[in-house]
Amino acid sequence: MTRGVLYVATGEDYFQEAQRSVQSLKRHHPELPATLLTDEPRESTLFDVVEVIQDPLYTWGDKIQCLLRSSYDRTLFLDTDTVVCGELDPVYDILDEFELAVAEDPYRETEPVDVPDAYPEYNTGV
């Protein structure tokens, strides 16, 4: 099973954030490959793979579209502003038991659909 990290960055500011984030990843996990999906061709020696998103939406919807393109058996999606501060193996180990692992979002944005409090919303950044 292959493990890897996926980032999505549209625009120069998010690309620069992703560069900083992947540096923190590589400090703790130099063996993990990292893929960047972005809105235009970009040069980076920090990412193992850089691919262009065709027809980006420039919304959170790009994350969903790009998750479907992951080439890893076990993908950790990280937002560009994420700082990796330690070992990530336990995150991948969860996938030994479950098909999908997500973090609960500490904020609730139920627009335009009213979602009851009993149903958590998920964080799309990790």
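## Ground rules

Helices (H or I, at least four residues) and strands (E, at least two) are DSSP runs, numbered from the N terminus. By that naming, Ile-64 belongs to helix 2, residues 61-67.

This is a predicted model, where local features need pLDDT of at least 70 and side-chain atom pairs count only at pLDDT 80 or more, while totals for chains, interfaces and linings use all residues. Residues are numbered from 1 along each chain as its sequence is written, and side-chain values use heavy atoms, with hydrogens and water left out.

Four strands come together in an open sheet, ordered 3-2-1-4, with parallel pairing. (Two strands pair if DSSP finds at least two bridges between them.) Strand 3 (49-52) and strand 4 (74-77) sit at the edges with a single partner strand each, so one side of each has no neighbour in the sheet. From one strand to the next, the twist averages 25 degrees.

## Helix 1 across the strands

Helix 1 (residues 12-28) lies across strand 1 and strand 2 (34-38), and it runs at about 160 degrees to strand 1. For that angle, axes are lines fitted to C-alpha atoms, for helices over the stretch in contact, and angles run from 0 to 180 degrees between N-to-C directions.

Gln-19 is a residue of helix 1. Is Gln-19 buried or exposed? Gln-19 has a relative accessible area of 16%, so it counts as buried. The classes work like this: buried is under 20% relative accessible area, exposed is over 50%, and partly exposed is in between (1.4 Å probe, protein chains only). Leaving aside residues up to four places away in sequence, Gln-19 touches Ser-44, Leu-46 and Phe-47, where contact means heavy atoms within 4.5 Å.

## Salt bridges

A salt bridge here is a side-chain nitrogen of Lys or Arg within 4 Å of a carboxyl oxygen of Asp or Glu. By this rule the count comes to eight salt bridges. One of them pairs Asp-89 with Arg-3, with the closest N and O atoms 3.1 Å apart. That pair links distant parts of the chain, with Asp-89 in helix 3 (residues 89-93) and Arg-3 in strand 1, 86 residues apart. Asp-89 is partly exposed at 26% relative accessibility, and Arg-3 is partly exposed at 27%.

Arg-3 also forms a salt bridge with Asp-93, where the closest N and O atoms are 3.2 Å apart. Again the link is between distant parts of the chain, from Arg-3 in strand 1 to Asp-93 in helix 3, 90 residues apart. Asp-93 is partly exposed as well, with a relative accessible area of 38%. Through shared partners, salt bridges join Arg-3, Asp-89 and Asp-93 into one network.

Then there's Asp-39, whose side chain meets that of Arg-42 in a salt bridge at 2.9 Å, N to O. Both Asp-39 and Arg-42 are buried.

## A nonpolar patch

Which residues make the nonpolar surface patch of about 340 Å²? The answer is Trp-60, Ile-64 and Leu-67. Patches are made of residues with over 30% relative accessible area and no salt bridge: like charges are joined within 9 Å, and nonpolar side chains (Val, Leu, Ile, Met, Phe, Trp, Tyr) within 5 Å. The accessible areas come from the Shrake-Rupley method with a 1.4 Å probe, and for residues only the protein chains shown count as cover. Ile-64 counts as partly exposed, at 44% relative accessibility.

## Loops

Most residues other than glycine have a negative phi. Asp-55 has a positive value near 55 degrees, and Tyr-58, not a glycine either, has a positive phi of about 60 degrees. Asp-55 is in the loop between strand 3 and helix 2, and Tyr-58 is found in the loop between strand 3 and helix 2 too. Asp-55 is exposed, with a relative accessible area of 67%, and Tyr-58 counts as exposed at 51%.

The loop between helix 1 and strand 2 holds Glu-31, which is exposed with a relative accessible area of 53%. Glu-31 and Gly-125 are 94 residues apart in sequence, and 22 Å apart in space from C-alpha to C-alpha.
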